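Here are some notes from a colleague for your first look at this one. Have the sequence and the model open side by side, and take the points in order.

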Amino acid sequence: MRPFTYERATDARAAVAAVSRPGAKFISGGTNLLDLMKLEIERPDHLVDISRLPLAEIEELPDGGLRIGAQAANSDVAADARVRSGCPVLAQALVAGASGQLRNMASIGGNLLQRTRCPYFYDTDSGCNKRDPGSGCDAIGGVNRMHAILGASDSCIATHPSDMAVAMTALEARIELLGADRSVRAVAIGDFYRLPGDTPHIETVLRPEEMITGIVLPPPPPGGQLYRKVRDRASYEFAVVSVAAIVSTDGNMVADARVAFGGVAHKPWRSFAAEDSLRDRPATMATYRAAAEAAMRDAVGQGGNDFKIELAKRTLCRTLADAVAAAQERPGHGRGEDSHGTS
Ligand SMILES: Cc1cc2nc3c(=O)[nH]c(=O)nc-3n(C[C@H](O)[C@H](O)[C@H](O)COP(=O)(O)OP(=O)(O)OC[C@H]3O[C@@H](n4cnc5c(N)ncnc54)[C@H](O)[C@@H]3O)c2cc1C
Ligand code: SF4
């Protein structure tokens with residue numbers, strides 16, 4: 001591990017000012033960054049610790065949405081009664097991630113920015129365009145069972161590892177950012193992550209000195225919400241494929257739907273094609289299968305991960321069926337009707 005200097009930021013503006021010096025990086029819970037530093041994949045000269053900033057609040061907004069501070073622990077967000085009631089898909093996704101100890105340390109901001117789990121990225125003897133731009137991609141033609149089937153490029157076929165970000169994609173979260181020049185902006189999560197293209201080392205639209213200060217969840221749409229994660233063991237494991245679905249029904253018809261996949265692409269993958277093929281269709285397995293076919297129409301396997309295409313389809317069908325059942329148990333359920341977990 002290389003030597004580095006450290007400071008603890010006292011407020012958000014001081015933090016973005018401190019990180020603007022060359023070689024500086026934020027550290028929050030440290031559960032991803034420290035591992036990468038030990039392997040010298042991340043090589044900051046200076047760490048700006050933002051974990052004690054007063055950015056851990058979860059607040060209700062006047063419109064019925066929620067604002068979650070970037071320093072809120074994953075475990076606190078998962079346990080929050082308002083999140084569990086209004087955004088159960090988010091609570092489910094958080095609980096499906098990592099382990100209890102890690103969720104206690106991991107922050108919301110750090111979770112969004114965690115790096116891929118591609119094994120070649122972690123193996124510094126391998127070619128990896130994400131770690132060392134221009135060095136190639138040993139996952140292409142290599143062991144690529146966990147890799148992308150959608151949106152990949154000739155430079156990188158890695159997937160984004162976050163469960164939470166998949167649920168936030170279905171919930172249409174907005175990410176609040178503070179810049180070193182004190183500018184404040186909000187980016188829709190659907191615009192936050194980039195596909196790998198020729199520059200897989202650039203993963204988001206975050207500017208170099210920007211800090212995530214919080215997440216805004218709009219009032220959730222009505223209907224049933226469900227997160228399903230398929231993984232190689234029951235806990236403490238990343239997704240092979242996951243699905244976040246939010247479905248509302250009108251009688252036996254699907255009224256509206258939102259669908260996002262994890263484990264299939266370089267970013268959480270919202271499938272508008274699946275959503276279009278669900279809307280105003282009977283809530284039947286035939287409809288779900290048609291949506292699954294639409295979602296995976298452009299999917300391409302890399303050899304080792306070909307099975308993921310069918311797995312993603314089946315995971316979507318099962319998740320939709322359960323989300324419809326949840327919607328029919330609690331019709332019209334949303335933050336407006338039962339937002340505080342008190343009823
Ligand atoms: C064994 C193991 C299993 C895991 N399993 C899962 C899993 O199944 N599902 C899952 O989703 N995750 C999993 N994780 C990943 C875990 O969720 C992340 O490590 C964690 O969420 C990162 O949060 P952190 O606060 O520790 O980030 P850090 O490690 O502190 O930071 C990560 C990155 O984000 C940057 N950063 C942090 N906060 C901010 C901010 N506010 N603004 C700008 N930049 C910031 C840092 O500079 C760094 O680049 C696992 C991790 C481990 C070690
Ligand atoms: S898939 Fe991406 S992260 Fe993995 S080796 Fe290739 S370039 Fe690196």
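1. Start with Lys 130 and Glu 203, which form a salt bridge with their closest N and O atoms 2.8 Å apart. By salt bridge I mean a side-chain nitrogen of Lys or Arg within 4 Å of a carboxyl oxygen of Asp or Glu. The pair ties together distant parts of the chain, 73 residues apart: Lys 130 sits in the loop between helix H8 (119-122) and helix H9 (164-170), while Glu 203 sits in the loop between helix H10 (189-192) and strand E8 (211-217). Helices here are DSSP runs of H or I with at least four residues, strands are runs of E with at least two, and both are numbered from the N terminus.

2. Are these two partners buried or exposed? Lys 130 counts as buried because its relative accessibility is 5%, and Glu 203 counts as buried at 17%. The cut-offs are under 20% relative accessible area for buried, over 50% for exposed and partly exposed in between, using a 1.4 Å probe and protein chains only.

3. A word on ground rules: this is a predicted model, in which local features need pLDDT of at least 70 and side-chain atom pairs count only at pLDDT 80 or more, while totals for chains, interfaces and linings use all residues. Residues are numbered from 1 along each chain as its sequence is written, chains are lettered from A and ligands numbered from 1 in the order in which they are written, and side-chain values use heavy atoms, with hydrogens and water left out.

4. How many salt bridges are there by this rule? The count comes to 29. One of them joins Arg 82 to Asp 80, with the closest N and O atoms 2.7 Å apart; Asp 80 is buried, since its relative accessibility is 13%. There is also a network of linked salt bridges that takes in Glu 172, Asp 256, Arg 258, Arg 270, Glu 275, Asp 276 and Arg 279.

5. Another pair to click on is Arg 8 with Asp 49, whose closest N and O atoms are 4.0 Å apart. This one also links distant parts of the chain, with Arg 8 in strand E1 and Asp 49 in strand E3, 41 residues apart. At 42% relative accessibility, Arg 8 is partly exposed, whereas Asp 49, at 8%, is buried.

6. Those strands belong to an open sheet of three, ordered E1-E3-E2, with parallel pairing. Strand E1 (5-8) and strand E2 (24-27) are the edges, each pairing on one side only. Two strands count as paired if DSSP finds at least two bridges between them. E2 and strand E3 (residues 46-49) have four bridges, in the parallel sense; the bridge partner of Lys 25 in E3 is Leu 47.

7. What packs on this sheet? Helix H1 (residues 12-19) does, touching E1, E2 and E3, and its direction makes about 145° with that of E2. Contact means heavy atoms within 4.5 Å. For the angle, axes are lines fitted to C-alpha atoms, for helices over the stretch in contact, and values run from 0 to 180 degrees between N-to-C directions.

8. Most residues other than glycine have a negative phi. Glu 40, in the loop between helix H2 (33-38) and E3, has a positive phi near 60°, and it is partly exposed at 34% relative accessibility. Asp 280 also has a phi near 60°; this residue lies in the loop between helix H11 (272-278) and helix H12 (285-295) and is exposed at 57%.

9. For the interior, look at helix H5 (residues 88-95). Six of its eight residues are buried, so the helix is largely enclosed by the rest of the structure. The buried ones are Pro 88, Val 89, Leu 90, Ala 91, Ala 93 and Leu 94.

10. Finally, check Ile 189 in helix H10. Ile 189 is buried, with a relative accessible area of 4%. Leaving out residues up to four places away in sequence, Ile 189 touches Leu 112, Ala 165, Met 168, Thr 169, Ala 173 and Ile 175. Leu 55 is 134 residues from Ile 189 in sequence and 19 Å from it in space, C-alpha to C-alpha.
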